[in-house]
Amino acid sequence: VQTCALPIYEERFCTIVNSETLKKIRIIANREGLAIKDVVDAAFDKAISSYERKHGKIEEIKKSAKDLF
């Protein structure tokens with residue numbers, strides 16, 4: 001029996017962070033044997049969950065150019 005996993009979609013983005021924060025993220029990743037992107041992804045997930053508990057579920061609002069005029 002074969003199972004088909006759903007593809008994981010990832011996007012690359014660039015940002016600026018405090019040097020000490022990045023240093024600590026690198027240390028955490030190294031200590032835990034994880035990629036930096038996995039540590040950052042886990043932190044994003046936790047931040048989003050915390051935000052949604054406080055403010056409600058985040059939903060994308062799709063707009064159409066036809067609605068502009």
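# Salt bridges and a nonpolar patch

Author: Let's start with lysine 23, which is partly exposed at a relative accessible area of 45%. Buried means under 20% relative accessible area, exposed over 50%, and partly exposed in between (1.4 Å probe, protein chains only). This is a predicted model, where local features need pLDDT of at least 70 and side-chain atom pairs count only at pLDDT 80 or more, while totals for chains, interfaces and linings use all residues. Residues are numbered from 1 along each chain as its sequence is written, and side-chain values use heavy atoms, with hydrogens and water left out.

Reader: Thanks! With which residue does the side chain of lysine 23 form a salt bridge?

Author: The general idea is that a side-chain nitrogen of Lys or Arg lies within 4 Å of a carboxyl oxygen of Asp or Glu. Here, the partner of lysine 23 is glutamate 20, at 3.8 Å from N to O. Both residues sit in helix H1, three residues apart, or about one turn of the helix. Glutamate 20 is partly exposed too, with 43%.

Reader: How should I read the helix labels?

Author: Helices (H or I, at least four residues) and strands (E, at least two) are DSSP runs, numbered from the N terminus.

Reader: How many salt bridges does the rule give?

Author: The count is three. One of them joins glutamate 10 to lysine 37, at 2.9 Å from N to O. Glutamate 10 is in the segment before helix H1 (19-32) and lysine 37 is in helix H2 (residues 36-55), so this pair ties together parts 27 residues apart in sequence. Glutamate 10 is exposed at 56% relative accessibility, whereas lysine 37 is partly exposed at 47%.

Reader: Which residue forms a salt bridge with lysine 37 at 3.3 Å?

Author: That is aspartate 38, with 3.3 Å between the closest N and O atoms. Aspartate 38 is partly exposed, at 36% relative accessibility.

Reader: Now the patch: which residues make the nonpolar surface?

Author: Patches take residues with over 30% relative accessible area and no salt bridge, joining like charges within 9 Å and nonpolar side chains (Val, Leu, Ile, Met, Phe, Trp, Tyr) within 5 Å. Accessible areas come from the Shrake-Rupley method with a 1.4 Å probe; for residues, only the protein chains shown count as cover. In this model, Phe13, Phe44, Ile48, Tyr51 and Ile58 make a nonpolar patch of about 520 Å². Phenylalanine 44 belongs to helix H2 and is partly exposed at 40% relative accessibility.
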